[in-house]
Amino acid sequence: MAVVQTIFLQCPSASISSFSASPSTTINRVSVKFMVSCCSVASPITVVNGNVDKRPSERDEVRLGLPSKGRMATDTLELLKDCQLSVRQVNPRQYVAEIPLLSNLEVWFQRPKDIVRKLVSGDLDLGIVGLDTVSEYGQGNEDLILVHDALEYGDCHLSLAIPKYGIFENINSFKELAQMPQWTPERPLRVATGFTYLAPKFMKDNGLKNVIFSTADGALEAAPAMGIADAIVDLVSSGTTLRENNLKEIEGGVILESQAVLVASRKSLIQRKGVLDITHEMLERLEAHLRAAGQFTVTANMRGSSAEEVAERILSQTSLSGLQGPTVSPVFGKRDGKVTADYYAIVICAPKKELYKSVQQLRAIGGSGVLISPLTYIFDEETPRWRQLLSNLGL
């Protein structure tokens, strides 16, 4: 008979020393200690015959984790608002909120790295964070599944950067950096980074063995100038900060391209009631809004002998094809007491960058009364990412 018991696991703070990808040595080694702190709220875990049961914790509400501070938090709330999924927070000091249009959904404001950790632990079901955060703190966990991998904000990349001066002046690629004779077991390449999983993994995967890492949370760009590191691994957006600190990126040194993503717990999607339905609606709204971004509806009247003749004129112009082709319909009027259709209304979609060109081409083939209006949503018959998600879940 199986012995079942429920226990609560809490993680104490732990002191961890610096780690190395080079052979063991005690010469010229940087010793760095950092603290790993865990959530102070214990999560129930069921143990059956000594094995941990990783089913989602018992609760009825679906939980969505959102960034609590910074540009990522602001842009996430703005995107949800544009998708008619406005977040309502009664008290700005509270960490819990709601999206009125999605019943039984709780919104929890958390640090991005804690969102990923709580997705893994089952305390959250869905989250919006940067792909770099998912990759660093998820560490390839198979329970994490990307629902939408390109929310089109928070763009940056994780990159290796080295000084422009000194022994690195003529080093312009990762291959050249790895082949420098200076790096030995006694004097390894010193890298400062806050990405203690992705950075060592990248170095190992690319064959650079004589390297050690020190951890830091900010101002990494100062580390080489201070003499405490030879290179850094950090997130780069415009590259201005690197340039202002006499650092440069090198060919082959980009570790990860990142932007905001919607990520979910695989177990929650399969086992928790309501998660899959809420995920479907969120995905539909996000996809429809993002597809419509930068698209405009162009409406005009055009004289013609038939709808087919008008359509043929429109399709002869490269900027007037729309999403699947123009919509052409008769415009009825009365002439000499009879209802006639001498004009046809045409409707197409045009991207912003092609908008003026589309108007010019419409005029050239007889279009008049051109009206322009922005699009809010473009819904497909079915979202391709939804079909992919169901396939990944085996549903």
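Which residue just after H11 takes a positive phi? The exercises below work towards this and related points.

**Conventions**

The model is predicted: local features need pLDDT of at least 70, side-chain atom pairs count only at pLDDT 80 or more, and totals for chains, interfaces and linings use all residues. Residues are numbered from 1 along each chain as its sequence is written, and side-chain values use heavy atoms, with hydrogens and water left out. Helices (H or I, at least four residues) and strands (E, at least two) are DSSP runs numbered from the N terminus.

**Exercise 1. Determine which residues of helix H11 are buried, how they are arranged around the axis, and what follows the helix.**

Step 1. Helix H11 spans residues 355–364, and its buried residues (under 20% relative accessible area, with exposed meaning over 50% and partly exposed in between, for a 1.4 Å probe and protein chains only) are Leu 355, Ser 358, Val 359, Gln 361 and Leu 362.

Step 2. These residues cover an arc of only 165° around the axis, which puts them on the same side of H11. The arc is that of the directions from the helix axis to the C-beta atoms. An α-helix has 3.6 residues a turn, so residues three or four places apart point the same way.

Step 3. The face turned away from the buried side of H11 carries the exposed residues Tyr 356, Arg 363 and Ala 364.

Step 4. The cover over the buried residues of H11 includes strands E17 (295–303), E19 (338–351) and E20 (367–374).

**Exercise 2. Describe the packing of helix H2 against helix H3, and the burial of H3.**

Step 1. Two packed helices are described by the angle between their axes and the distance between the axes. Axes are lines fitted to C-alpha atoms, for helices over the stretch in contact, and angles run from 0 to 180 degrees between N-to-C directions.

Step 2. H2 (residues 112–121) and H3 (residues 131–138) pack at an angle of about 55°, with their axes 9 Å apart. That angle makes H2 oblique to H3; angles under 35 degrees count as roughly parallel, over 145 as roughly antiparallel, 65 to 115 as roughly perpendicular and the rest as oblique.

Step 3. The contact (heavy atoms within 4.5 Å) involves Pro 112, Lys 113, Val 116 and Arg 117 of H2 and Thr 133, Val 134, Tyr 137 and Gly 138 of H3. By class, the residues of this contact are four nonpolar, two polar and two charged. Here Ala, Val, Leu, Ile, Met, Phe, Trp, Tyr, Cys and Pro count as nonpolar, Asp, Glu, Lys and Arg as charged, and the others, Gly among them, as polar.

Step 4. H3 is mostly covered, with six of its eight residues buried: Leu 131, Asp 132, Thr 133, Val 134, Glu 136 and Gly 138. Gln 139 follows H3 and has a positive phi, near 50°.

**Exercise 3. Characterise the contacts of helix H9 with helices H12 and H1.**

Step 1. H9 (residues 275–292) and H12 (residues 384–393) pack at an angle of about 150°, with their axes 9 Å apart. H9 is therefore roughly antiparallel to H12.

Step 2. H9 contributes Leu 276, Thr 279, His 280, Leu 283 and Glu 287, while H12 contributes Pro 384, Arg 385, Trp 386, Leu 389, Leu 390 and Leu 393. The residues of this contact divide into seven nonpolar, two polar and two charged.

Step 3. Leaving aside neighbours within four places in sequence, Leu 276 is in contact with Leu 269, Trp 386, Leu 390, Leu 393 and Leu 395.

Step 4. H1 (residues 70–82) packs on H9 at an angle of about 90°, with the axes 9 Å apart. H1 is therefore roughly perpendicular to H9. Leu 79, Leu 80 and Asp 82 in H1 meet Met 282, Leu 286, His 289 and Leu 290 in H9.

Step 5. Arg 285 also lies in H9 and, at 18% relative accessibility, counts as buried. Not counting residues up to four places away in sequence, Arg 285 touches Cys 83, Gln 84, Leu 85, Leu 101 and Tyr 377.
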